[in-house]
Amino acid sequence: MTVTGILRTVLRHVPDALVPGTRPASPPVRHGQHGHVGEPVSRLDGALKVRGEARFAAEVAMEGLLHAAIVHSTIPRGRIAALDTAAAEAAPGVVLVMTHRNAPRLKRPEIFGKGDGVAGSNLPVMQDDTIHWNGEAVAVVLGETQEQADHAAGLVSVSYKAEPAVTDFAAARKRARDPGSILGEPAVIETGNAEKALAVADHRVDATWSTPPLNHNAIELHAATVRWEGQQLIVHDATQMITGTAGSLAKVFGLKPEQVRVLSPFVGGGFGGKSLWSHQILAAAAAKLAGRPVRLMLSREGVYRLVGGRTPTVQRVALGATRDGRLAALIHTGVAAMTTHNNCPEQFTFPARHLYAASNVRLEQKVADLDMLANTFMRAPGESIGTFALEGAVDELAHKMKIDPIELRRRWEPERDPSSHAPFSSRHLLKAYADGAVRFGWELRDPTPGQRREGEWLVGMGVATATYPYYRMPGAKARLRLDAQGGLKVSTAGHEMGMGTATVQAQHAADRLGLPLEQVSFEYGDSLLPAGAMAGGSSQTAGTVAAVAAAAESLVRKVLKLAGNDSPLAGLKFADVVARDGGLGHARDPSRHESYTSILKRARRDVVGAEESGSLPLEQMKYSMHSTGAQFAEVGVNSVTGEVRVRRFLGSFDCGRILNPKTAASQFRGGIIMGIGLALTEETLFDPRSGRVMNPSLAEYHVPVHLDVPEIDVIWTDLPDPQAPLGARGIGEIGITGTAAAIANAVFNATGKRVRDLPITLDKLL
Ligand code: MOS
């Protein structure tokens, strides 16, 4: 998700003098000899997961636990005409059936971007007989076992009084509206006269691109295990926004923030889909009504019906170039589907705002409101599908101009951000291209399509730019506690969704305090801890690092004070010391050093702690900060069946400093794999008459499986960003950006067919 615009609004009144110049956003690591940051440390939570000891939300045991099953509406809009729950209530093991008639009265949840809400939709949850989308929950059945609940859910009989609904994107597009802003950024950006420049350009492309709705398919199904202790609500959840989920739930139930505790120590994949949706609210409401703990784990179908995914888009990209290859006109416009109860307009024009130097620009996004489940953030919302259109058009233009597509991009490389005119904090996209081209063997590509044949297979190569903004949200806090044995505990309500958060933050804290990695523990995943950075917008690492850095500085100051005058450190100021060898030492005199153990013992302290917020993320106000990369694909297209196989893939990234090459490579690869699904197989199919998802299962919605995924090579520049904490920009989402375009461009190189409509299924190639 993106927040620069929101941040700009929040930080508008910060005096310019406070905005950093070349000052880094966090103090540099006071390196000891350990140097954990940058090492390929294996994930610290790996063993727990392999042994099955990591407890996920649906695995938490509770005394007297009830199991929930959901009945979903079968119409997109209207009212419940009749609702008969008698048979379900009489079924074996059923304790309660909750409907709008007996559900507790609740406030509407706040959506992301409004206040501090993190809900996917602001519709009331089970408060009346109104139906807002096909699949909305109309009843929750609580049973002693999951099987009893599931069985009884099938006995609830509902009839509806349907009202006309807008469920067809093609029809809704005709009434597309201006969303006002795209997540805080202007919906329209205009420089010069792009249409005019296009009309007189020496070379031009102008085409329509479309992308389908997509669904979240994290391995771990969305789940909440919930109990009430009097007026205290305890939710074991799978969320990537612990602090926000707790705050939002408190408001829905009319509680004080401290009355809600959300625990989410392990999350089996989030990708933007694990925020606050109706199921956590329903679980808490049902538990309240039943007076017993409740587990509500969505079925795979339930995830499709209740949790939003990526919205469909129709995009126009028109590019006009001069004879010498300069970009005279850049037009990227289009429409995304949305609803009136969320605000997630899918920022597909964002890549075009930052990638290319163009003399005339027109970027415009509209939204079309549908009576559907709210769409939401899904790994690189906007950038993933925006790059499909933009980077496909660049490839098409390069082909027309008979210029190598990498060379064309080199000519368009801007010196400053083309839309904000801010300097780039650090941008080595051309190096990523150059390194990638060598590694991938780009020179072997024949620019004329259809030249390389291996039996039935036509083989082609394609390239595209990857791009994702750097974000750091304000407000993350961290607490550090150092004990007399030299153990350090880092605490923040952060998230481990498999990215390696705990590992990287332990590496970081160990370096800050000059400790061996084994002496550092990282505590996260609990809203009782200091408010953490959310795991969204590829921003958690930067946000957490800044908070830990601030707390470490404060801790070192306290320890230095405790050392006092009897220490070898006596008389030293904070600026004179470095943390090393399990204690503090003089920065230039290796003989002056005292261990933490010795300092704390002498001061008769068992523990010394510090809690701080990270600095305000002002770096992103002054600089244009983006992770970028070059994606290279080689595909084979079967000339008989039209089947596309990705044969080789390389991602070459410029994301600042890589803090842990092992977990980072995994993040990049995961993004690329999701991009292969976006390119070739994934598509949520809606019945346009009823707005009902027709393929709500992994059997019919095809995510890439092992046989679809070739060897994926990843390399990176590893050039630290001087403005980012630890020099690191985000890496969680960029892997999916540019991937679909690289594959589509490779398909063109193989076959001469330009597919502008995702996914690239075989029917489109025959
Ligand atoms: Mo991401 S779509 O911000 O989890």
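Is Cys655 buried or exposed? Cys655 is buried, at a relative accessible area of 1% (buried means under 20%, exposed over 50% and partly exposed in between, with a 1.4 Å probe and protein chains only).

The model is predicted: local features need pLDDT of at least 70, side-chain atom pairs count only at pLDDT 80 or more, and totals for chains, interfaces and linings use all residues. Residues are numbered from 1 along each chain as its sequence is written, and side-chain values use heavy atoms, with hydrogens and water left out.

**View A. Cysteines Cys344 and Cys655.** Cys344 has a relative accessible area of 3% and is therefore buried. A disulfide is a covalent bond between the sulfur atoms of two cysteines. The search of the whole structure, for cysteine sulfur atoms within 2.5 Å, finds 0 disulfides.

**View B. Helix H12, residues 405-412.** Helices (H or I, at least four residues) and strands (E, at least two) are DSSP runs numbered from the N terminus. Buried in H12 are Pro405, Ile406, Leu408, Arg409 and Trp412. These residues lie on the same side of H12, because they cover an arc of only 160° around the axis (taken from the directions from the helix axis to the C-beta atoms). Their cover includes helix H11 (383-401) and strand E27 (626-638). At the N-terminal end, Asp404 caps H12, with a side-chain oxygen 2.8 Å from the backbone nitrogen of Ile406.

**View C. Thr739 in helix H19, residues 739-751.** Thr739 counts as buried because its relative accessibility is 0%. Beyond neighbours within four places in sequence, Thr739 is in contact (heavy atoms within 4.5 Å) with Gln631, Phe649, Ile672, Gly675 and Ile676.

Technical notes:
A polar contact is a pair of N or O atoms within 3.5 Å; within protein, one must be able to donate a hydrogen and the other to accept it, and residues adjacent in sequence count only if both atoms are side-chain atoms.
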